[in-house]
Amino acid sequence: MNPVIFIFLSSGLFLGWSLGANDAANVFGTAVGSRMLRFRTAALTCSVFVVLGAVFGGSGAAHGLGALGAVNALPGAFMVALSAAVTVYAMTKLGLPVSTTQAIVGAILGWNVFSASVTDERVLTKIVGTWIACPVLAAVFSAVLYMVVAGILRWRKPHMIRLDMFTRFGLILAGAFGAYSLGANNIGNVMGVFIVSSPFRDVNVGGVFTLRGIEQLFLLGGLAIAVGVFYSRRVMMTVGESIMTMSPIGAWVVVVAQSLVLFVFSSRWLEHVLLSHGLPALPLIPVSSSQAVVGAVIGIGLCHGIRGAAQIRWLVLLRIGSGWVTTPVISSLICYVMLFVLQNVFQQQVCEEVRYELSPEVATHLATRNIPITALREREGTRAAGSARFRRLLRGEGDFTPREIEAVIEASEIAPIRIDPKRVVALDQRALSDPQLQAVATLARRSFLHHWQFALALAEQTEDWRFRPDTRDNRAHNRAVRADLDYVCRVFRGVLLSEE
Amino acid sequence: MKTSPFKRTHLIEDQIDEYLDKLSEAGMLFETGFCRYVTHGADENVEITFDQLSIAESRADELRREIERVLYAEMLLPEARSDVLTLLDELDDVVDELKHSLQGFLIEHPVFPEDTHEDLRELAGVVAQCVEELSIASRTYFRDPNAVRDRLHKVNFHESEADRIAIRVSRHVFDSDLPLEQKRHLRAGIMSVDHIADEAQDVADRLAIFAVKRRL
């Protein structure tokens, strides 16, 4: 492995450190601020569970940012993470409220503009939607939880001293859950941009289990967050008290509500359960723990009616809200400028050119997906470097709807894949079913120009690789197949790129 | 030897409960001792009751110091610690007041006219009731802050009642043919008893604020 890779990864580690020093304070801030827990206890619990969450639960939300912009070159990923980290660090130093999620989203948008890549508007809307949904959901969770807890306490009437002890244990448990959820959800912010260009390969640890490349990447990011946690004392002390003075029970409710929000936005298990019961699932994307904590505190305040609302320091909230708007803007500007400098001054390739071609084969394939064939035939032969340019050419006279254009871009992407037998053996046995692994093995030594060709070839081999009609019952299956497909594509595409 | 958090919690709970028991006990001992004093003067039984009151007061002091030490050392109740310690301190003042008032009678030996005895016994009963309600309100504070208010209005009621009886007895004393210095002496004695109820009401006022702070 090239050691230079670690220099590029350093910006992600810096971002992880910043996240640990800032966002981790949201998990235990109210507990430490209300002096229910010692900083040392909180930091230790937090760092251990952040790493566990990042490694074992991180894959759910991490791909959410990949859908916003697939940063495909290490120097580019380095600069995206560095821009976000610099934004977080600078705004924190200036005493301005900041969210790591928004910083990284802003930086990815900056990369998209610089690399002439299309920003998926649906994904962007989804992410921005969570910036509203996340605090609202946290407020609802905390209000309901607070009322339930208050009801139980009124009914059981525990002694003040006993309640104090239970609250302390509760805070440690809830904080551990919160730290796990933070690691699982926010590792995508720290290492998400490195997934596509990750240098790590799957490693078999003593023949006992396989540590996937992505898990190694997340372990590294998790450790960076864990180190950052130990620098969060000052932030922790102020977080709990800045918006509203918290009682210990309130502190516990805030930690639980916030953890639940991070959990629902990162749990594949929950998504599967919801989808398999025909319920709508929340998108798995990194959300801001700062927003969740603010929402949770407001939820408790509003539980007390006008008296509680009057206790909320609305000016502080306004300041925090303004930070949510300025952070992505500042971060994207910094990223754009720094990418320019890195590419033109330091001569680094910040993005790999992705080519698109609407070949007759692609057009035939798209026709089977109900894209108007006449419009496709008219555009046949269209080719361009960069999805933004390709989209401009496609738009032309406006024959395609935005959704159709998306489908055409996706299918036209030239992404060569070669099924290397050595890599087939190294595929993660836990991630794929036996028929899936067998199907991949059958295709050994074959090459594909487009992902969809590979997907079709796999689907011919086994039911396990086949997408089902888009009904409620089938959504969980289809999502799982999509995730597995992304994984194998990444494995074999990476091999081809490194061999080239 | 380090005890488990559960055992430690039990221990402090028990200590707080015992402390409040001592407050209630002190109120009842005061009533017994004072009523006996009014009827029989400073006899041996009153001395015995006073000794019991002194022991209860010392034990309350001991408990207060131990609770204070544990709350600080174990960093318990970070939010309510200062309120709890203030409450225990002020309850301790009430116990002191009970002791000093009875002690005053044993030192000064004021002799009350017989026609005031009934009123004085009623005064002692109301004051003891006032202290009892304060002890119940304090106990409620530790378990159910929302219900403290219901108890505190009883403290206020008994305090007003004590004031009313104290004024009535004082008037009666001053209307009598006793020498002025004796009248003043008796009035000081009556006021020292009434002052216990005033002290209890002051604590009740603070307790009302502490309870509001802890309400969910």
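Buried area is the accessible area that two parts lose on being put together, summed over both. I start from that term, and I note that this model is predicted.

**Entry: the contact between the chains**

I looked up the area buried between chain B and chain A. It comes to about 2,100 Å². Carbon and sulfur atoms give 66% of this area. I then listed who takes part: 25 residues from chain A and 22 residues from chain B.

**Entry: polar links**

I checked for salt bridges and found two between chain B and chain A. In one of them, the side chain of B:Glu13 meets that of A:Arg162, at 2.9 Å from N to O. I also looked up polar contacts between chain B and chain A, and the count is five residue pairs.

**Entry: the B side**

Which helices of chain B each supply at least two residues of the side that touches chain A? I found helix H1 (5-40) and helix H4 (117-143). H1(B) gives the largest share, seven residues. I sorted this side of chain B by class: 14 nonpolar, five charged and three polar residues.

**Entry: the cores**

I turned to the largest nonpolar core, which has 98 residues. A:Phe28, A:Val80, A:Ile104, A:Val193 and A:Phe194 touch the most other members. Helix H5 (residues 74-93) of chain A supplies the largest share of this core, eleven residues.

I followed A:Val193. Leaving out residues up to four places away in sequence, A:Val193 touches A:Val71, A:Ala77, A:Val80, A:Ala81, A:Ile104, A:Ile108 and A:Gly188.

Another core, of 67 residues, lies apart from the largest one. I noted B:Phe34, B:Ile67, B:Leu87 and B:Tyr141 among its residues.

Key
Residues are numbered from 1 along each chain as its sequence is written. Chains are lettered from A and ligands numbered from 1 in the order in which they are written. This is a predicted model: local features need pLDDT of at least 70, side-chain atom pairs count only at pLDDT 80 or more; totals for chains, interfaces and linings use all residues. Side-chain values use heavy atoms; hydrogens and water are left out. Contact means heavy atoms within 4.5 Å. Buried area is the accessible area (1.4 Å probe) that two parts lose on being put together, summed over both. A salt bridge is a side-chain nitrogen of Lys or Arg within 4 Å of a carboxyl oxygen of Asp or Glu. A polar contact is a pair of N or O atoms within 3.5 Å; within protein, one must be able to donate a hydrogen and the other to accept it, and residues adjacent in sequence count only if both atoms are side-chain atoms. Helices (H or I, at least four residues) and strands (E, at least two) are DSSP runs, numbered from the N terminus. Ala, Val, Leu, Ile, Met, Phe, Trp, Tyr, Cys and Pro count as nonpolar, Asp, Glu, Lys and Arg as charged, and the others, Gly among them, as polar. A nonpolar core is a set of buried Ala, Val, Leu, Ile, Met, Phe, Trp, Tyr and Cys residues joined through side-chain atoms within 4.5 Å. Buried means under 20% relative accessible area, exposed over 50%, partly exposed in between (1.4 Å probe, protein chains only).
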